[in-house]
Structures are given as C-alpha cells and as structure tokens.
Amino acid sequence: MPTTAAAALSDLAATARAWPFEEAKKLVARVEKRGGGTVLFETGYGPSGLPHIGTFGEVARTTMVRHAFRVLTEDRIPTRLLCFSDDMDGLRKVPDNVPNREMLAGHLGKPLTEVPDPFGEHASFGAHNNARLRSFLDTFGFEYEFASATEYYRSGRFDQTLLKVLAAYDEVMAIMLPSLRAERQASYSPFLPISPTTGAVLQVPLVERKVEAGTVVYRDPDTGVLVEVPVTGGHCKLQWKPDWAMRWAALGVDYEMAGKDLIDSVKLSARICSALGAPPPDGFNYELFLDENGEKISKSKGNGLTIDDWLAYASPESLSLFMFQKPRSGKKLFFDVIPRNVDDYYTFLAKYHEESPAQRLENPVWHIHTGTPPTLDLPVSFALLLNLASASNADDRAVLWGFLKRQDAALSPENHPELDRLVGYAIRYFHDRVAPTKRFRVPEETERQALAALDAALAALPAGADAEAIQAAVYEVGRAVFPDTAKPGPDGRPGVSLAWFATLYQLLLGQERGPRFGSFAAIYGVPETRALIATALARTDG
RNA sequence: GAGCCCGUAGCUCAGCCGGUAGAGCACGUGACUUUUAAUCAUGGGGUCGUGGGUUCGAGUCCCACCGGGCUCACCA
C-alpha cells in the first residue's frame, strides 16, 4: 500500500490513460534503462519569427508531459525544460512587419544575434526576438530555462560533439544526401562556416576536412580564396537537421515533440544523433493546426487563428484545453471553436471536483493546471453570454451585467470576477465578430414615422422610467402603426403585430430578434436607445 | 512517391481497458413573458464508410478495401 499522498497519486498515474501519462511512461522506461539522471525536455524555435500559437501549444503540451512524469515518479527524478532558440541562424529575408527594413537588408545572411535590432531595444535582432519569446512564455507562467544557440556555440558547450560530427562526417553525409535533390547534394555540407570577413553564415561546399585539427576548409564565395576555420567555438554552425541531432547528443535531450510536417526531419536527425553515439530523444508528432478549410496554418499565408485572436476572446486556460485535446488528430483552429472550448473548460472544471482521484487524472483541467485546478462555478455559459451580448447590443459590461442581474440579483462583478472576465470576452467577441456583420435595414416611410413617435414617447417618459413603463410606451406607438385586431390586448383594445417588434430589431439592432424591448431599453438606457433611433432615422438609401 | 489524420444524428463532434449508441447546435411540441431574445421541460431522428476476422458479445481490437483531406520530398 502506498504510504504517502504522492505515492498514492503515482500508483494511480501508473494506470492513467491520458496521453501525457502515456508519454511519461515512455520516459520512465528510458530513464530506468540508462540508470537515472536528470530528464531533459526540449522545445525549439527558429527565432526569425515571433512566438505563435504553435509555440504555445508545444510548450503547453511538453509541460503536461513533464508534470505527468513528475507525478509518476513522485518527483524523485529531476526534470528540466529547455526552450532553445536557434538564434545563430542566418537572416534569410527581411520580415515585413518590422521597422528599419533597409537597414536589415544590409545584414542578410548574418546570424540573427549579429544583426542589429530594428526596434533599437536590444543588442541584436536575435536578442530582441528572444526577449519576445521569453516574455510570451512568461505571460503564461511556464516553468522553463531559456537557451541561446549563439551562446551555446560560442561558449564551447557544443565543441566536443561538433568534433564528433566532423569525425562522423561521412556517416552524416550518407544519412543526409539521399534525402536531397541532385543539385543540392552537390553543394550540401552539414557545417556552415561563419565568414571571418563578412560575418555571414555560409552555405558552401567543403574543400577539405581536418579531423585532427578540428577545422574545415572552404572557398570564399566572394574572393575565391581558401579559408580554414575551426568547427568549434562558434566559428561554424550546423545545418538544421545535423544541428538538431548535435544538440540532442550534446545536451542529452530526452524528449522533444514536433509537428507532423517534421516527421521525416525527426527521423533523419535521430539517425544522425545515433551516429554521434547518443540515443535520440523520445517524443511524438502532433497533428498540425488547420484552418477552417483544413489547411495548415502558416504565418506567411495568414490563415487560421493567431494566439492574440484567441486571447482577445477567451482565456489561456481554454486554449490549453484545445491543446490538450487529441493532439494526434487534425484540429481546426478558427473562430467558431473558441466558445466551445471555453464552455468545455468550465464543464470539465465543475466535473473535476466531483470525480474520484483516478478520474481526475483523466480530466483535462488536471493537466492544464498541473494537478491543482481552481474551484469555480459559472452560473451561465459563455455561449449564453455571447447570445446575450449580441441580442442586447452590449457595448459595455454594464449592459450585460444588467441582464445577468435580472436573472440572478445576487450576481455582481465583485463577487464573481471570473464571470466578469467572461463578460469582457463576450463583449469583445460581439464587438469585433458579430457587430460588423450586422445588416441595418433602411427604414421605410411608415417606419420612420413610427420610430419618430417612439422617440417622442420615450422623451416624454419621466426620468428613471422602469421596464414596464417603457414597454407600455412601445405598445402605444405600435398599436397605432402596427395594429393586430385579431389579437386583442389585455384591456380589449387592438393588440400589436409581431411586425412592430421585428421592425425595431431590424432597424435598431441589425438583427431579426432581440430581448424584450422594455427591459432592453431600461437596461441599455433611454437616452442611449433614443440615440439608436436617431442613428436608424439617419440611414438613407445610397 | 512516402507518411499521417479523418469517416458515428441535418451540422460540429464525444465515445475511456470491447458489454444494448451520446452531447452541443438545428428542428418539433409545451411552459413562462400581453410580441420577440434568453431560460426551463419534452420529442423525433443514426444498418457507427464497406467487407472480412478475433470474441459469448465489436463504433471500440486485427486485416483488406473505398472515400475525404493534409503534410513532406528547397529552407527552418
């Protein structure tokens, strides 16, 4: 029998089926086989771009595996998560979204850490992007260690393994060449010398390799002279796939995941890693994030949803849920999936606290909150808030809160900050996504008269008129313009046709349906409602 | 050419270690509100892509096939 809470949890984790546990179990077997030591998780970045939704996904998922591993092993085996920035990569092209582009154009080909920061804030463009990456990760509270390729190369930390690559050159080439086209095969070299004269990362064929001296010789593309540089100390960088393999071998990386588009690359790098005498890391290939049409989301295409989009309309936790769910299946990432993930998150959260310990380990919120999900109950769903925001034309929190308080007077932003947070998201969602799609009809002549009459009736109401009084005024006007004799009112006078209310919502809110009008006007404000009427009256054809 | 994912209600999807099919939305009906949103209750609707196999029993495991789609094969 387990004697501690940690031991009990570990026992449960041993049979847990959630995917982070499956991954963690692979790692336990790996560590047992090699007899202990720290387990190193890695995620890597090409720092020429800014952090994006895939960056978040990779760190979030890796963190889930790491946490599962720690629980499984009762934290007896140290773990680290290294976020490795390939900032020594050469600047290939000038990004569109930065200032000082002509200045950058003069530094093409140089390592990013040698390119001046176009924003003028950091020591280099690479440093700038690294800072962006770190503050991005810090926003979410990830626990990680940052690593800079430039620093690692220059410090000599990679030297020993770089020399191994030089020694195993033929083997590395034998692995790489079959994967390349004929014309690329002719020029390919795993080593990319950094030009001592221009500072550029050179993609040149090697003329000679001197394993004993630890150097390579190439012909300078500008001058044609032979140049000899050490492969160590940051004088050479490696091509991507050998670089990945060298890093795994040098640092002893145990786990790294990658997208499905990198399957072949991972295989090649793993073979190179083995050739360097180190076991390649475990990990798995997650499915790509797809747009609405099922195509890969790419920054250059600009399709799909960005992380800023998501975080503008929903919480990081809901995004974590998205990342947790079925990482091996294709996932469409577009606007419509946001509300569902928000509501699913709260549903899982509510369920969590009623579940058995074993069930909890299968619950996404356990993984999202590294074992300690908060206790929260949400009186209404996010979907409802979105409906309400749309129906009530909510452009500030007070309007939405007005409707919420009608439902439950005890609710307030003060005693339910989480709900208030969602209210904010709902309003933004409405404002950005729903409001622009609204189609306001131009009023016809009789409708103009009715609106004018309604405006006058509202103006005549005493200040602070309640919902019932406003509703009565609406009826009075409607009775004159849109009578419905077949449907008498409670006092026997003619009723009011549905058309009147439909007209109001079409003209004032740009939609077919809406909330009870008196209640709406009372909460929305009589002057504000009159402003809506004025706007509607101002619309004309053409 | 290689690899991967998917095929379950009208739509989007969930179905955990195999045990008589579920949710949301949509739709129907009803309650409440003198109309409308919301809310609540309730109902209909599926030969689980096809064909085999394992099994007392298969949406679930195995094999084959069909269909839809993506990714890689220049660079990262």
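Colleague: Which element gives the most to the surface near RNA strand B?
Modeller: Helix α22 does, with three residues. A residue is near a strand or molecule if one of its heavy atoms lies within 4 Å of it. Elements are DSSP runs, helices being H or I with at least four residues and strands E with at least two, numbered from the N terminus. This is a predicted model, in which local features need pLDDT of at least 70, side-chain atom pairs count only at pLDDT 80 or more, and totals for chains, interfaces and linings use all residues. Residues are numbered from 1 along each chain as its sequence is written, chains are lettered from A and ligands numbered from 1 in the order in which they are written, and side-chain values use heavy atoms, with hydrogens and water left out.

Colleague: How many residues surround RNA strand B, and which are the closest?
Modeller: There are 38, and the closest are Arg 17, Gln 471, Leu 498, Phe 501 and Arg 516. Of the atoms of RNA strand B that come within 4 Å of the protein, 64% belong to sugar and phosphate.

Colleague: What classes of residue does the surface near RNA strand B have?
Modeller: It has 17 charged, 14 nonpolar and seven polar residues. Asp, Glu, Lys and Arg count as charged, Ala, Val, Leu, Ile, Met, Phe, Trp, Tyr, Cys and Pro as nonpolar, and the others, Gly among them, as polar.

Colleague: What lies 2.6 Å from a polar side-chain atom of Gln 239?
Modeller: A phosphate oxygen of RNA strand B does. A polar contact is a pair of N or O atoms within 3.5 Å, so the Gln 239 pair at 2.6 Å counts as one. A polar side-chain atom of Lys 260 lies 2.9 Å from a base oxygen of RNA strand B, and one of Asp 264 lies 3.3 Å from a sugar or linking oxygen. The elements that give two or more residues to the surface near RNA strand B are α11 (263-275), α17 (382-391), α21 (467-481) and α22 (498-509).

Colleague: Why does Ala 168 count as buried?
Modeller: Buried means under 20% relative accessible area, exposed over 50%, and partly exposed in between, with a 1.4 Å probe and protein chains only. Ala 168 has 10% relative accessibility, so it is buried. Ala 168 lies in the loop between α7 (159-167) and α8 (169-176). Residues up to four places away in sequence aside, Ala 168 touches Ala 275 and Leu 276, contact being heavy atoms within 4.5 Å. The C-alpha atoms of Ala 168 and Leu 276 are separated by 7.1 Å, although the two residues are 108 residues apart along the chain.

Colleague: What makes the span of helix α19 agree with its number of residues?
Modeller: The expected span is 1.5 Å times one less than the number of residues. The 18 residues of α19 (417-434) should therefore span 26 Å, and the end C-alpha atoms are 24 Å apart, which agrees. Buried residues in α19 include Leu 419, Tyr 425 and Phe 430.

Colleague: Why is Lys 326 called exposed?
Modeller: Its relative accessible area is 57%, so Lys 326 passes the exposed cut-off. Lys 326 lies in the loop between α13 (316-324) and β12 (331-332). Lys 326 also has a positive phi, of about 40°, although it is not a glycine.

Definitions and conventions
A polar contact is a pair of N or O atoms within 3.5 Å; within protein, one must be able to donate a hydrogen and the other to accept it, and residues adjacent in sequence count only if both atoms are side-chain atoms.
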